[in-house]
Amino acid sequence: MAILKGTLDVLVLKTLSWTPMHAFEITTWLEDRSGGRLSVEDAALMQALHRLEERQLLVAEWGITDNGRRARYYKPTPAGRAHLRAETERLTDYVDALTTILSRRTADA
Amino acid sequence: MPDRGIRAGVRRLFRLPLASDANARADADDELASFLDARIESLTARGMTPPEATAEALLRLGGGETLQQVRDRLYHSATHREKRMRLHELLMDVRNDLRFGVRQLVKEPVFAVVAILTLALGIGANTAIFTVVDTVLLRTLPVPNADRLVEIGDPAAVNGDMRGGQMARVLSLPLYKDLRANSHHIVAGLAASGTAGQLYVRIGAKNEFEHPTGRYVSGNYFNVLGVTAERGRVFGDGEDGPPGSSPAVVISDAYWRRRFGGAANIVGSDIDFDGARLTVVGVARPGFTGDISELSTDIWLPINMKTVIQPHDGLIDDRGTSWLLLLGRLAPGVTLARARTEFTSLMRTSLVANSQSPGEAEQFRHEPISVTSGASGFSAVRHTFHAALLTLQVGVALLLLIVCTNIANLLLARAVKRAPEMSLRLALGAHRTRIVRQLMTESAIVAILGAVAGLGFAWWGGQALVASATDGSGIASATIDLKVLAFTVAVAILAMLGFGLAPALRASGVNLAAPIQSAGRTLVSSGRGGRIPIGRVLVPMQVALSLVLLMGTALLTRSLRNVDNGDPGLDRDHILTVDVDVAQRGVKGDRFFALARDISTRIANLPGVQAVTYSQNGLFRANDSNALVTVPGFAGQSHEDSTLRYDLVGPGYVRGIGGRLLRGRDIGSNDDAHAPSVAVVNETMERFYFKGQSAVGKVFYFEPGVPTTIVGVASDVRDHSLTGPQRRRAYAPYAQQLDAADQPALTLEIRTTGDPSLLSKSVKAAIASVDANLPLVGVAPLSQRMHDSISEQRLVVVLAIGFGFAALLLAAVGLYGVMSCSVAMRTSEIGLRSALGAQQRDLLGLVLRDGLRLVAFGIAAGVPLALIAARALGSQLHGVPATDPVSMAVALAVLLVCAIAASFIPALRASRIPPAVALGRGR
């Protein structure tokens, strides 16, 4: 299942709210936590990370991975955390509404 | 490569630089590579072969696009982010710098106050003088495209009225018409204006005369200038008709508001010009006050109405009556240079064609013709004040330079104290530019505060200066406009660079090791290394500049004393002058002479009066008369050679003003209309026209056919100006010039035995006993008028003295600062010397010699500079050579005394340092 447009940013922020991660960790984490249901496009993820950094929702610093590779670790800024809260609320509401409508039994169902 | 791992706060704290665009891109590349590696690894772990895994990883990273497109997008984000961060950091830096700078200044309030106040003085003085320069010299007429205007005639002759022959300095009406008819290829329009005097008008039902300023103008005047009417209309071709045909006036917006309260029905109302009624046809648009920069015109009248309003002034279409100045608007593509060439030739052609004799024609072929830019309009004072204002502007610029060196000195002293701080920062990796920026921010704070305080000072001072520059008439107002503001900002920036840059560069260039090692002190400072080289350059500079200012001040002061105390050739301390406004009472012709005789007799009988006489123009007034005269046997080279100044005077004039009659007799009471025409002339006139022969008995001609015999020669008198060259002058009997008596002017000169001001009351009473209604315009001792006539020189001198002493004080403070600092740094050396047996006197000498060496360098540089500056003053000096040894000696002496005093205190302090303390204290 591909990720819906506009939700990648908030997923990334959510991922990073636990601990700083580098790009590849984020994909793996998302795939694992969704039980393999969500697959993140590599290109889209890289661009999302840079976009979020540009908007100052994330900051990055170089670090060393567990297997000794240099990688850029991202973590949310306070603005990023605030953005995550607001977006989470908005998306939950939206999904709620969506669920309510879609799960209603229709006359011909 | 800078480590991106450093936190932003830490980076700012240590002033570390951010990544460049290239670095940001390299970062993005690194990240992509690392991501690919991780992906390939994970794919291989799932069982792909390495080539398959690589292909798959690249495919995934490319998404729907090529890898390069993704990379480009990442680059874009990365560089964009870096750019914004850099800007952000810059703003943070500026804010931090400002905060830090203010803290540094507050920490040393004495430095801050001294720096800001002296800078305010420097900037304020510059702005104040510039305000006046702007008002008097630079301001352009408030009309569209003023730079396309051209002026023909002497721009200073705003009130010129020359008779007796054709003229080029001011123009006659026929000459104007010649030029106007033949100059369509040079100018789009050519207007004439003349006479900016006081009018005699009655407005409404009031029977009293008022005196608005009037100017006669040609019908196209407003169109040429591009000035429209706010109400009604401006003049048009209709106003260029035959004499007396257009009884119309245009008034200025200011006059309309001031005199008529902005009445809505102004257009169509009448103004009574002593019998002639003229109708207001329009109000010129606001802001336009005429073509004279320092004098606002209230009422514009058509030239053709002059014969109606001032009938006694004679015909206006006479080529021998010159009273107009011309303003033209250059035709498209015509340069000022071309206009000059063309108008010069047009004018000479007309003058030659109408000359009375071959000799005169020859003179006109070489007559200098003035064709100048009309952007600033005409001005009687611009020329006079030009040199004085430029002198002052240079003077204040020097003062500011001294202020800057002084602040630079103070900053250097602080730089020494802050050296450890700087080396710590440098050691931590701060860039030198960053430190320079921090230090320049401190300078900028000082400069901004100084400029703001200076503007206030200038606003206050500029008003006062312009008021005194324009004789307090208050007509030209000094306003601080955008130009002045821009000037102040420019001066402040220059000053900031001037005093801040060198110390900042020096402070940031400290030796990294030296200050940190300061614990390991040395007893003897390492030669000159321990002192402040730049400071040692600045002090001689200040001394040199101060010497220039002091020399200028001394020269101007001595020049003023010469002017003040010179022999004017008359009895300056015992003359009371009284201006009587006879015109207002309508006293004319024979009645005027009877009145003058009666008043003279009454006053002569008062106790304390030695003699009474009278004249048309008076003494030390702006009024003066010129005539072109013919002297048999004399052939002049130019018009100027034939020009003679004259005054119409009453009986006993030379004795009456306390002049000395060298030969012949004074004007007598029998020299009236029935007697042959006579005159008394001055020495200069005799010497010029008669080359060493006695002029008594010789004849010259004011008018062709009417010989005037010289009956006496008087010694030269300074009667109009204490400065400037002595003019050729004649005194002719008033009673023989009846035409001038048509609307006569009367100034009484009363020679007293005691203080003339004591007599003013009884003189007024005597005049009132003849005619109680005669208005007395001015009653003043002559010495007062003479004093006032040089108020401009006095103003320059007072300001120069102020600048000179400010400069001296600043130089002394600078020297004191450098010497104190030097002594403080050499404390241990001095202690050592003292411990080794040096006497107090030796130590005193040691430090004093050091200070005086700096002063000597300054004087060596300053003397030639001062001499050059003095030469530039040239025209402002009266009776003092530019190389005046007395002025130089005074300037040097004052400077030396100050310098010795300034270095004596630190020297004394040094000599009293107990050796134990000095050795123990170290640095």
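**Salt bridges in the predicted model**

The structure holds 33 salt bridges, counted over all chains. The model is predicted. Side chains of opposite charge can pair when their charged atoms come close.

In chain A, the side chains of A:Glu53 and A:Arg72 form a salt bridge, with an N to O distance of 3.1 Å. A:Glu53 belongs to helix H3 (residues 42-54) of chain A and A:Arg72 to strand E2 (residues 70-76) of chain A, so the bridge ties together parts 19 residues apart in sequence. A:Glu53 is buried, at 7% relative accessible area. A:Arg72 is also buried, at 3%.

A pair in chain B joins B:Asp154 to B:Arg169 through a salt bridge of 3.0 Å, N to O. Both residues lie in the loop between strand E1 (149-152) and strand E2 (171-172) of chain B, so this contact links parts that are 15 residues apart in sequence. B:Asp154 is partly exposed, with a relative accessible area of 21%. B:Arg169 is partly exposed as well, with a value of 40%.

Another chain B salt bridge connects B:Arg785 with B:Asp579; their closest N and O atoms are 2.7 Å apart. B:Arg785 sits in helix H23 (residues 782-789) of chain B and B:Asp579 in strand E13 (residues 575-580) of chain B, so the pair ties together parts 206 residues apart in sequence. B:Arg785 counts as buried, at 11% relative accessibility. B:Asp579 is buried too, with a relative accessible area of 8%.

Salt bridges can also share partners. In this way A:Asp9, A:Arg51 and A:Arg55 are joined into one network.

Methods
Residues are numbered from 1 along each chain as its sequence is written. Chains are lettered from A and ligands numbered from 1 in the order in which they are written. This is a predicted model: local features need pLDDT of at least 70, side-chain atom pairs count only at pLDDT 80 or more; totals for chains, interfaces and linings use all residues. Side-chain values use heavy atoms; hydrogens and water are left out. A salt bridge is a side-chain nitrogen of Lys or Arg within 4 Å of a carboxyl oxygen of Asp or Glu. Helices (H or I, at least four residues) and strands (E, at least two) are DSSP runs, numbered from the N terminus. Buried means under 20% relative accessible area, exposed over 50%, partly exposed in between (1.4 Å probe, protein chains only).
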